[in-house]
Every structure is written in structure tokens, then in C-alpha cells.
Amino acid sequence: MTGKTIPVVDFSDFENRFATIAEQVLDACKNIGFFHIVNYETPSLSQVDRAFELSKNYFALSTDEKLACKQDTAKGKIEGYLGLYAQRLDPKIQKKGDYKESFDMETLTEGRNIEHFPKLFQENRKDLEGFSKGMHATALQVLELLAFALKLPPNEKTGANDWLSSTHQYETNGSTSVLRLLRYPSRKQGDEGEECDHKKNVILAGQHTDYIIITLLFQTAPGLQVRVSEDEWITVPVLKNSILANMGGMAEFFTNGLLKSAMHRVIDIPEQRNGKDRYSIGYFVYPEPDTEITHMPSPLIPSKRPDFKEIPKDTVIATSAEYLEYRYRRSFLEKQSTHPEVDYDYI
């Protein structure tokens with residue numbers, strides 16, 4: 001047993017405690033890659049509640065209504081609905097796929113046309129946009145904290161710690177985020193289609209790492225687990241009024257392995273969800289497409305890039321777009337070679 005836990009980082013009195021918070025965030029990102037954020041500014045509690053309300057209302061729609069805006073990543077359509085078993089994140093264990101359904105939407109920038117979205121989301125665009133902007137603002141704070149802790153050059157004109165955040169702005173020509181609504185339906189032990197690991201844990205979403213820089217998450221019930229050693233997983237507790245943050249693979253690649261992108265999964269813990277569906281909302285943030293993700297000018301970054309499982313050493317990748325494209329393509333080829341009917345995860 002490693003004895004590792006998910007750190008809790010307090011964002012209160014943010015400006016006055018900036019340096020202390022920055023060191024705590026960097027320490028968490030270096031050691032486990034996950035941390036809870038408490039006393040954050042945005043989104044507001046009412047915005048979080050409203051986002052979950054809209055999510056539950058959406059997933060209560062008929063299957064036909066949800067399929068009217070279906071995701072098709074093989075054709076480059078990364079927004080929309082995916083139903084039960086549509087993704088298979090861990091082919092070694094999963095034969096059928098993830099027991100979840102989801103809806104993804106890219107950055108809701110001003111004036112963006114979302115007529116292809118379900119009517120529910122079109123009519124409540126302001127609520128979704130407000131929630132997304134709140135999540136994005138907190139993500140930018142994390143990036144500013146990391147820029148300071150990594151001793152990256154401040155902005156020459158303003159002195160701001162925006163070396164990272166300046167390439168992740170909400171209002172840009174290209175999307176820099178994906179908002180994902182998720183539902184894990186309640187199930188009974190022994191239900192048909194149940195898939196387990198060697199310890200008989202029921203897998204709802206297979207083990208994986210995220211592709212992007214940072215993920216922020218809200219969840220209604222336990223089930224998310226983080227791998228802390230080769231055969232040890234710890235369950236992430238659900239802390240009231242907190243945001244769970246984790247580093248993605250792009251952050252690990254960009255820092256030559258200094259920041260950790262931890263393997264994680266979702267298992268079923270029936271006794272802790274009291275027979276209810278499990279809902280979560282993820283917000284995935286990545287840089288603008290032409291952002292260079294090599295040669296970060298930090299004295300803390302290792303000089304040599306390790307051989308990542310997802311990306312071999314000899315792979316040439318210069319920008320965020322090239323990184324995402326490589327991981328999309330590799331994931332697609334690996335999973336489509338055995339199950340061409342199954343979609344693949346892209347963040």
C-alpha cells in the first residue's frame with residue numbers, strides 16, 4: 001500500500017496566498033497528478049446545480065431524441081451524444097464497452113451557432129455558457145499557478161504569470177475546451193454485460209489518461225479511481241463544494257514527465273450511490289492548435305523526454321494539434337482494428 005491520497009488545495013485569499021497555492025498545486029501535479037480545489041471563485045454553486053439539472057433533464061430524453069445529435073469522431077464530429085457501450089477505453093478488460101452515456105460540446109464562444117444541439121441546450125445556452133466560463137476561469141488560475149511555480153518567464157509588458165494561460169483563452173478562433181456531461185446508470189450486481197477486473201471490480205469506464213492539459217470535474221457519487229502503483233487504485237472521495245483537477249497527457253509531454261498524467265477509471269460502488277444514477281461533469285482544457293508544446297523554458301523541466309507509453313521517444317510532435325492528432329489516430333487504429341463498430345475516446 002502506498003498510502004497516497006488526493007491532496008486538497010485551498011484557493012481562498014487567492015492573490016495574497018498565490019505563491020503558497022502555486023507550490024501546493026505543483027507538488028500535487030508532480031506526485032499524483034490529481035488534486036481537489038476548495039474555496040474556488042467560479043463557477044458559482046447555483047451554476048453547478050443548474051448544470052447538473054440540465055444534464056439530468058437531457059439524459060431523461062428518449063433515445064431517439066438523444067441520437068438526433070450523435071457524435072461521430074471517425075468523421076471528425078467530436079460534439080454530441082454517445083450511448084451506453086459506445087466507448088471502450090480499456091480493450092484488455094472490456095469486451096462490450098463503457099457503461100455510461102455522454103454529451104460533448106466544444107467552447108461556447110459568443111455568436112457560435114449551436115442549432116445542431118438539442119433544443120434543451122439551445123434554450124438554456126446562457127446557463128451552459130456561464131458554467132463553462134466559470135470552469136475555464138478556474139482552469140486559467142491553475143495554469144497561472146503552474147507558470148509561477150515552474151518559474152516560467154512572466155509577461156514582459158504586464159508581469160502576469162500568463163506563459164501558459166495566454167494560449168488557453170476562452171474566446172479564440174479555435175476551441176480550447178470540451179464540456180462533457182456524463183451519466184452512469186444505476187445497475188444491480190450481476191446485471192447482463194457486467195465487466196470486471198481481476199479483483200472483481202465492476203468497470204463502468206475503462207482505465208485511461210486524458211489527452212489534454214488539464215481536466216476539471218464535478219461528480220455526484222464515488223466511483224472514480226486513480227492508479228497510484230502497478231496494481232493499486234485509490235478511490236477519489238466526493239468532497240462537497242470542491243472541483244477535482246487532474247493533469248492530462250499533453251501536460252506530461254510538455255514538461256518531459258515532470259507533471260503526472262495518472263491512469264484513472266470509474267468502477268461501480270453500489271453502496272455509496274444508494275441505488276441512484278451517478279452523474280459527473282468534466283471540463284477539458286487544451287491550448288490553441290498552433291501552440292508549441294516543446295522546449296518549455298522552465299529550469300525545473302527534465303532535459304530529456306522519457307519514453308511515454310502513449311508516445312514513443314522517436315515521435316516528432318511540435319504543436320498541441322499534432323499531439324491530439326497523434327493520440328486520436330493511435331487510439332482509433334488500436335481500437336478499430338479489433339472492434340470497428342466501437343467509438344474511441346479523444347480527450
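Helix α1 (residues 18–31) packs against α5 in this predicted model, with an angle of about 90 degrees between them and their axes 8 Å apart. Angles of 65 to 115 degrees count as roughly perpendicular, so that is the label for α1 and α5. On the α1 side, the contact is made by Phe 18, Ala 19, Ile 21, Ala 22, Glu 23, Val 25, Leu 26 and Cys 29. Helix α5 brings Val 142, Glu 144, Leu 145, Leu 146, Phe 148 and Ala 149. Sort the residues of this α1–α5 contact by class and you get 12 nonpolar, no polar and 2 charged.

Now follow α5 (residues 125–149) to another partner, α2 (residues 45–59). This pair meets at an angle of about 125 degrees, and the axes are 9 Å apart. That angle makes α2 oblique to α5, and the crossing is left-handed. From α2 come Gln 47, Val 48, Arg 50, Ala 51 and Leu 54, while α5 supplies Asp 127, Leu 128, Gly 130 and Phe 131.

Cys 29 is buried, at a relative accessible area of 0%. Cys 196, on the other hand, is partly exposed at 30%. If you're wondering about disulfides, the structure holds 0 of them.

The loops have a few things worth a look too. Between β2 (34–38) and α2 sits Pro 43, and the peptide bond joining Thr 42 to Pro 43 is cis, with omega about 0 degrees.

Further along, the loop between β3 (80–82) and β4 holds Tyr 85. Tyr 85 isn't a glycine, yet its phi is positive, near 70 degrees. Its relative accessible area is 18%, and buried means under 20%, so Tyr 85 counts as buried. Lys 151, in the loop between α5 and β5 (177–184), is another non-glycine residue with a positive phi, about 60 degrees here. Lys 151 is exposed, with a relative accessible area of 53%.

Last stop: Thr 109, in the loop between β4 (101–106) and α4 (119–123). With 14% relative accessibility, Thr 109 is buried. Which residues does Thr 109 touch, not counting those up to four places away in sequence? They are Arg 125, Tyr 170, Glu 171 and Thr 172.

Technical notes
Residues are numbered from 1 along each chain as its sequence is written. This is a predicted model: local features need pLDDT of at least 70, side-chain atom pairs count only at pLDDT 80 or more; totals for chains, interfaces and linings use all residues. Side-chain values use heavy atoms; hydrogens and water are left out. Axes are lines fitted to C-alpha atoms, for helices over the stretch in contact, and angles run from 0 to 180 degrees between N-to-C directions. Helices (H or I, at least four residues) and strands (E, at least two) are DSSP runs, numbered from the N terminus. Angles under 35 degrees count as roughly parallel, over 145 as roughly antiparallel, 65 to 115 as roughly perpendicular and the rest as oblique. A crossing is left-handed if the near helix is turned anticlockwise from the far one by less than a right angle, and right-handed if clockwise. Contact means heavy atoms within 4.5 Å. A disulfide is a pair of cysteine sulfur atoms within 2.5 Å. Buried means under 20% relative accessible area, exposed over 50%, partly exposed in between (1.4 Å probe, protein chains only). Ala, Val, Leu, Ile, Met, Phe, Trp, Tyr, Cys and Pro count as nonpolar, Asp, Glu, Lys and Arg as charged, and the others, Gly among them, as polar.
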